[in-house]
Amino acid sequence: MATKFGLSAFRKNRRKLELAEKVETEMIQTKKRREVSENTNVTASLDTVGAVVVDHEGNVAAAVSSGGLAMKHPGRVGQAAVYGCGCWAENTSGSNVYSTAVSTSGCGEHLIRTMLARECSVALQSEDAHQALLETMQKKFVRSPFLAHEDSVLGGVIVLRCCRCSLESESSLNTRALLVEFLWSHTTESMCVGYMSTQDGKAKTHISRLPPGAVAGQSLAIEGGVCRLRSPVT
């Protein structure tokens, strides 16, 4: 049975008690969220994010950010930090007919030993981009002498190649165009790809997979497409 003194003390300190209960509840909830987050991070996959882009003038760029490997040694450097291994981009010049941009993903040690991004960029100067990429992935990566002792060679690339092209129709006399080829290839079981232009409100996405029966690390998949970019002549 409450006394007058007890009721008076409760009314006087009610606000403080409510605040204390609120703080304690928030602390418990924060602790639970932290525990869930830590457990999720332990099992989460570490993936690479890469990008290749071209503007209407034909300037290309490439970028890459690697998630690293689980249980990696302190001080390990992945392909994202080594230019020519994680990414590579070159505009047309005296010796380059095409502008090329390449970004890679996969086992950093494999990508660094083979300098895959740079090798793909050089190969794409040949006429047939699809065949050039296929041969590079086979000869310079899967069967590379630098990876001869590896049972499974894991990696993937997205590549972009562009050049000026002429438009023969009369209605296009006041326009210029870029022929853009976007290709990807990988030896992993699957690789996610997305692409869009400034006219798109949302990126188109695609999950590329190895052919049925193919062995990851020993076989490869290659896909892609071609488009034209037009811009008014200034």
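Modeller: Gladly! Let us begin with touching: contact means heavy atoms within 4.5 Å. By that rule Val97 touches Thr92, Gln125 and Cys163, leaving aside residues up to four places away in sequence. Please keep in mind that this is a predicted model.

Biologist: Why is Val97 called exposed?

Modeller: Its relative accessibility is 57%, and exposed means over 50%, so Val97 counts as exposed. Val97 belongs to the loop between β3 (87-90) and β4. Its C-alpha atom is 6.5 Å from that of Gln125, although the two residues are 28 apart along the chain.

Biologist: What is the overall make-up of the chain, in helices and strands?

Modeller: There are four helices and nine strands, and along the sequence they follow the pattern α-β-β-β-β-α-α-α-β-β-β-β-β. Of the 234 residues in the chain, 32% are buried. If you take contacts between residues at least 6 apart in sequence, 63% of them join residues at least 24 apart.

Biologist: What makes strand β5 largely enclosed by the rest of the structure?

Modeller: Count its residues: β5 covers 155-165, and ten of its eleven residues are buried, so the strand is largely enclosed.

Biologist: How do you know that β4 and β5 pair?

Modeller: Pairing takes at least two bridges. Strand β4 (residues 99-106) and β5 have eight, in the antiparallel sense, so they count as paired. For a place to look, find Ala101, which stands opposite Leu160 in β5.

Biologist: Which residues lie nearest the centre of the largest pocket?

Modeller: Those are Gly50, Ile158, Phe182, Val193 and Gly194, out of 47 lining residues. Elements giving two or more residues to this lining are β1 (49-54), β4, β5, β6 (175-186), β7 (190-195) and β9 (221-232). The volume of the pocket is about 1200 Å³, and its lining divides into 22 nonpolar, 21 polar and four charged residues.

Biologist: Why is Ser208 called buried?

Modeller: Buried means under 20% relative accessible area. Ser208 has 0%, so it is buried. You will find Ser208 in strand β8 (residues 204-209), where its contacts include Trp184, Met191 and Glu223.

Biologist: What makes the link between the side chains of Ser208 and His186 a polar contact?

Modeller: The cut-off is 3.5 Å between N or O atoms, one able to donate a hydrogen and the other to accept it. These two side chains are joined at 2.8 Å, so the distance falls within the limit.

Biologist: And Thr136, how do you know whether it is buried or exposed?

Modeller: Its relative accessibility is 6%, and the limit for buried is under 20%, so Thr136 counts as buried. Thr136 sits in helix α4 (residues 129-142). A polar atom of its side chain lies 2.8 Å from the backbone oxygen of Ala132. Thr136 also touches Glu119, Cys120, Ala123 and Phe141, not counting residues up to four places away in sequence.

Biologist: What is the phi of Met115?

Modeller: Phi of Met115 is near 45°, a positive value in a residue other than glycine. For background, most residues other than glycine have a negative phi.

Terms used. Residues numbered from 1 in each chain as written. Predicted model: local features only at pLDDT ≥ 70, side-chain atom pairs only at ≥ 80, totals over all residues. Heavy atoms only, no water. Buried < 20%, exposed > 50% of the residue type's maximum accessible area, 1.4 Å probe, protein only. 1 Å grid on protein atoms, 1.4 Å probe; cavity = no way out; pocket = protein on both sides within 12 Å on 5 of 7 lines; lining within 4 Å. Points joined across faces, edges and corners; volume = space filled by probe spheres on them. Nonpolar A, V, L, I, M, F, W, Y, C, P; charged D, E, K, R; others polar.
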